[in-house]
Amino acid sequence: MDAAAPLLLVRDMRADDLDAVLAIQLACYGAGFVEDGELIARRLAASPHTGWVAEHGGAVRAYLAAYPSQRGKLTPLHGDFEVAHDADALYLHDLAVHPEASGLGLGPRLVRHAWAHALRAGWRHSTLVSVQASIGFWERQGYAATVPADGLQQARLATYPGDSVYMARRLD
């Protein structure tokens, strides 16, 4: 390994990461997707062990916000996390990599980190809503499009603008 290569670290998200998370979100998303800091802080408090950041060169360059859920259940855009106490899935709500860190593999690394956490917790599935034409990325991670099971979940999916797709993956 090159001694001059910047260190890559995946770690739990902390409250003091909020400014970096908001900056990454602003750099990555259109106005319809940006979520406010108070909501992100509530989500982190609701599920403090299922949010992670990737640091590269000492700075937070990517994050993944997730929570224990059940297959088929979605979080509406701008909604609070509804943590399931009888979870069977890890719901990946928000993955973002700062454009300046594109190509470093931070997104897939965060996803693999989340899967390992889910398996240790006994959850055998991972679910998400693909937005902003990211379906190809998620398919490469092994996710497949699926239709939400009921009208309430379909209505929650409809809160996401554009061609948003509910996806699921079995974890081995």
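Buried, in what follows, means under 20% relative accessible area, with exposed over 50% and partly exposed in between, using a 1.4 Å probe and protein chains only. Helices (H or I, at least four residues) and strands (E, at least two) are DSSP runs, numbered from the N terminus. This is a predicted model, where local features need pLDDT of at least 70, side-chain atom pairs count only at pLDDT 80 or more, and totals for chains, interfaces and linings use all residues. Residues are numbered from 1 along each chain as its sequence is written, and side-chain values use heavy atoms, with hydrogens and water left out.

I will start with the sheet. It is open, has seven strands in the order S1-S2-S3-S4-S5-S7-S6, and its pairing is mixed. Two strands pair if DSSP finds at least two bridges between them. At the edges are S1 (8-12) and S6 (144-145), each pairing on one side only.

Now S3. Ten of its eleven residues are buried, so S3 is largely enclosed by the rest of the structure. With S2 it pairs in the antiparallel sense over six bridges, and Val-53 has Tyr-63 in S3 as its bridge partner. S2 and S3 form a hairpin with two residues between them, and Gly-57 in that turn has a positive phi of about 65°. S3 also pairs with S4, again antiparallel, over eight bridges. Here Pro-68 is bridged to Leu-90 of S4, and Ser-69 to Ala-89 of S4.

Contact means heavy atoms within 4.5 Å. Leaving aside neighbours within four places in sequence, Ala-54 is in contact with residues including Leu-8, Val-10, Ala-62, Leu-106 and Leu-110.

Next, the helices. H1 (residues 18-28) lies across S2, S3 and S4, at about 95° to S3. H3 lies across S1, S2, S3, S4, S5 (125-130) and S7 (165-170), and runs at about 160° to S4. For these angles, axes are lines fitted to C-alpha atoms, for helices over the stretch in contact, and the angles run from 0 to 180 degrees between N-to-C directions. H3 has 16 residues and reaches 23 Å from first C-alpha to last, close to the 22 Å expected; the expected span is 1.5 Å times one less than the number of residues. Buried residues in H3 include Leu-110, Val-111, Ala-114 and Trp-115. After H3 comes Gly-122, with a positive phi near 90°.

Which residues touch the most other members of the largest nonpolar core? They are Trp-52, Leu-90, Leu-92, Leu-110, Trp-138 and Tyr-143, out of 25 residues. A nonpolar core is a set of buried Ala, Val, Leu, Ile, Met, Phe, Trp, Tyr and Cys residues joined through side-chain atoms within 4.5 Å. Two or more residues each come from S2 (51-56), S3 (59-69), S4 (89-97), H3 (106-121) and H4 (135-140). H3 gives the most, with six residues. Apart from this core lies another, of 22 residues, among them Tyr-63, Leu-74, Leu-77 and Tyr-166.

Last, His-98, in the loop between S4 and H3. Is His-98 buried or exposed? At 15% relative accessibility, it counts as buried. Beyond neighbours within four places in sequence, His-98 is in contact with Ile-24, Ala-27, Cys-28 and Arg-61.
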